[in-house]
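I opened this notebook to record what I looked up in one structure.

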Amino acid sequence: MGTVSFMRRLMTLVLLAALQVFFLNRIVLFGYVTPLFYIWMIVRFDSSMSRSGILLWAFFLGLAIDVFSGTPGLNAASATLLAMFQPGLLKLFVALDRHDVLVPGSDSMGGRQFAGYLLLMAAIHHTVYFILRSIPLGDWTVLALKVVFSVVLTFVFMIVAEQSFSNSGSKRS
């Protein structure tokens, strides 16, 4: 990995962790809904990254959020597990038998495939996160509500981010 690539990922990690800790963690709609937008970094890892690189970046992203949120390992565990599945899920939605480097997005994957990929990634992460957060497991209905509505809100945030970045990228061309 080049120095520029490393610095870009480090900047993304710092910005997403700060956004999550200082702003998004304060959003708790109806007592159930919390956007966990930091997974955007994991969702956007390109197909050329090594599995160990993906796991390390995700772990440190989750750890940074845990340190500043007072959640002992919840985000690190959830993010690392999501990172473990990311390459396989990407292959599930896009045929990667070519040698091109694919950066997941609506432009490279198509809108429907990218939306499905986002929903599945958010669902996996949020299910693990809220199960770990709810140990010992109590009311399954409350757990399901937290997972479903948080997935929906995070999905909306990610779609807005994707549209913002893809539109700004096409305007620069």
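The entries below set out what I looked up.

**Entry 1. Basis**

I worked on a predicted model, in which local features need pLDDT of at least 70 and side-chain atom pairs count only at pLDDT 80 or more, while totals for chains, interfaces and linings use all residues. Residues are numbered from 1 along each chain as its sequence is written, and side-chain values use heavy atoms, with hydrogens and water left out.

**Entry 2. Largest pocket**

I first looked up the largest pocket, which holds about 410 Å³ of space. A pocket here is an open set of points on a 1 Å grid over the protein atoms alone, where a 1.4 Å probe fits, with protein on both sides within 12 Å along at least five of seven lines; lining residues have an atom within 4 Å of a point. The volume is the space filled by probe spheres set on the points, which are joined across faces, edges and corners.

I noted the lining as Ser5, Arg8, Arg9, Thr12, Trp40, Met41, Arg44, Phe45, Asp46, Val103 and Phe165. Helix H1 (3–22) and helix H2 (40–43) are the elements that give two or more residues to this lining. Helices are DSSP runs (H or I, at least four residues), numbered from the N terminus. H1 gives the most, with 4 residues. By class I recorded 5 nonpolar, 2 polar and 4 charged residues; Ala, Val, Leu, Ile, Met, Phe, Trp, Tyr, Cys and Pro count as nonpolar, Asp, Glu, Lys and Arg as charged, and the others, Gly among them, as polar.

**Entry 3. Second largest pocket**

For the second largest pocket I found a volume of about 210 Å³. Its lining has 14 residues, and Asn25, Val28, Thr34, Tyr129 and Arg133 lie nearest its centre. Helix H3 (51–69) and helix H6 (111–133) each give two or more residues to this lining, the largest share being the 3 residues from H6. The classes are 6 nonpolar, 6 polar and 2 charged residues.

**Entry 4. Salt bridges**

How many salt bridges does the structure hold? I found 2, a salt bridge being a side-chain nitrogen of Lys or Arg within 4 Å of a carboxyl oxygen of Asp or Glu.

Arg9 pairs with Asp46, with the closest N and O atoms 3.4 Å apart. Because Arg9 lies in helix H1 and Asp46 in the loop between H2 and H3, this pair ties together parts 37 residues apart in sequence. Arg9 is buried at 15% relative accessibility, and Asp46 is buried with a relative accessible area of 15%. Buried means under 20% relative accessible area, exposed over 50%, and partly exposed in between (1.4 Å probe, protein chains only).

Glu162 forms a salt bridge with Arg44 (3.0 Å, N to O). Glu162 lies in helix H7 (residues 140–172) and Arg44 in the loop between H2 and H3, so this pair ties together parts 118 residues apart in sequence. I noted Glu162 as buried at 4% relative accessibility, whereas Arg44 is partly exposed at 28%.

**Entry 5. His125**

Is His125 buried or exposed? His125, in helix H6, is buried at 0% relative accessibility. The side chains of His125 and His126 are joined by a polar contact of 3.2 Å. A polar contact is a pair of N or O atoms within 3.5 Å; within protein, one must be able to donate a hydrogen and the other to accept it, and residues adjacent in sequence count only if both atoms are side-chain atoms.
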